[in-house]
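Here's a quick briefing on one helix and the chain around it. Have the sequence and the model open as you read.

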Amino acid sequence: MRVEVTGLNLPLGGVEGVALRVEPGEFVGLIGPNGSGKSTLLRALYRALRPDDGTVLVGGDDVWRALTARESAGRISVVAQHGGDGFDFTVAELVATGRTPHRTSPSADREIVTAALERVGMTGMAERLYSTLSGGERQRALLARAVAQRGALLVLDEPTNHLDVNAQFELLGLVRSLGVTTLAALHELNLAAAYCDRLYVLEAGRIVAHGSPGEVLTPALLAEVFGVRSHLGVNPLTGRPNLTFAPLKDTLKETGDPR
Ligand SMILES: Nc1ncnc2c1ncn2[C@@H]1O[C@H](COP(=O)(O)OP(=O)(O)OP(=O)(O)O)[C@@H](O)[C@H]1O
């Protein structure tokens, strides 16, 4: 399902004049420093923050003007930051809330929930209370809910938070394997380089660059936007672009030789 955002101005986060596209089946990453407006922009896409101006088309329909909240929830699956906080649900109950926008039978819903839990490897935790899960387990439960929701667009807000290095690969690999059009805010730039087809860079609420990871993640852009020195090479294990970083001012000298 195609996403087309044009002329988007939001009442929060300084988000102004944002235009972006996600083609059907693409995995597009949204990167930018803390506070640059990534979460705020995503909220406007999944109908949680009404824009002052501009359009958000998902599957050709204006999310804010042509779709109801229910229709939008049927089309867009979301893994938001702190998305399950405050729920006193079991994992299976949480995942079942992903079926709310759909009018399918209870038995079909149960099968979909079971399959979603299996997909994220949480079958054995179905009856655990969400509030008792670790941070990484919570992320997987929220992804299972999004899988059960079966939206044609998947929006992820920093989905790899709390995950160990292997779990980060597993989660993003799982997302890719779904083959669903995906837009994800990501902090870890090497994960963005490894998993995303294209990237958009947000700085103070404006898109300042977009393109393939190799085109976007240049030392000049990373110095300007993130204030770091960087080297773009190739990950010898995967062949994907690979960044190494250092602070602009070499504060590492003061830490001594780690060897
Ligand atoms: N409800 C709100 N009220 C006031 N300011 C807000 C609100 N929501 C977001 N902001 C501000 O908007 C800016 C962008 O926030 P946002 O959460 O979108 O950034 P982000 O790029 O997702 O950051 P991070 O990487 O730290 O998660 C921040 O300065 C934030 O303080």
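The buried residues of α6 pack against α5 (135–149), β7 (153–157), β8 (181–185) and α7 (189–195). Packing here goes by contacts, meaning C-beta atoms, placed from the backbone, within 7 Å of each other. This is a predicted model: local features need pLDDT of at least 70, side-chain atom pairs count only at pLDDT 80 or more, and totals for chains, interfaces and linings use all residues. Residues are numbered from 1 along each chain as its sequence is written.

**Helix α6**
- Gln168, Leu171, Leu172 and Val175 are the buried ones (20 or more other C-beta atoms within 10 Å of a residue's own).
- Looking down the axis of α6, its buried residues fall within an arc of 90° (taken from the directions from the helix axis to the C-beta atoms), so they line one face of the helix.
- Over on the other side of α6, you'll find Asn166, Gly173 and Ser177 exposed (12 or fewer such C-beta atoms).

**The whole chain**
- The protein chain has nine helices (DSSP H or I, at least four residues) and twelve strands (E, at least two).
- Its C-alpha trace spans about 60 × 45 × 30 Å along the principal axes.
- Of the 259 residues in the protein chain, 38% are buried.
- Among contacts between residues at least 6 apart in sequence, 62% join residues at least 24 apart.

Notes
Contact = placed C-beta atoms within 7 Å.
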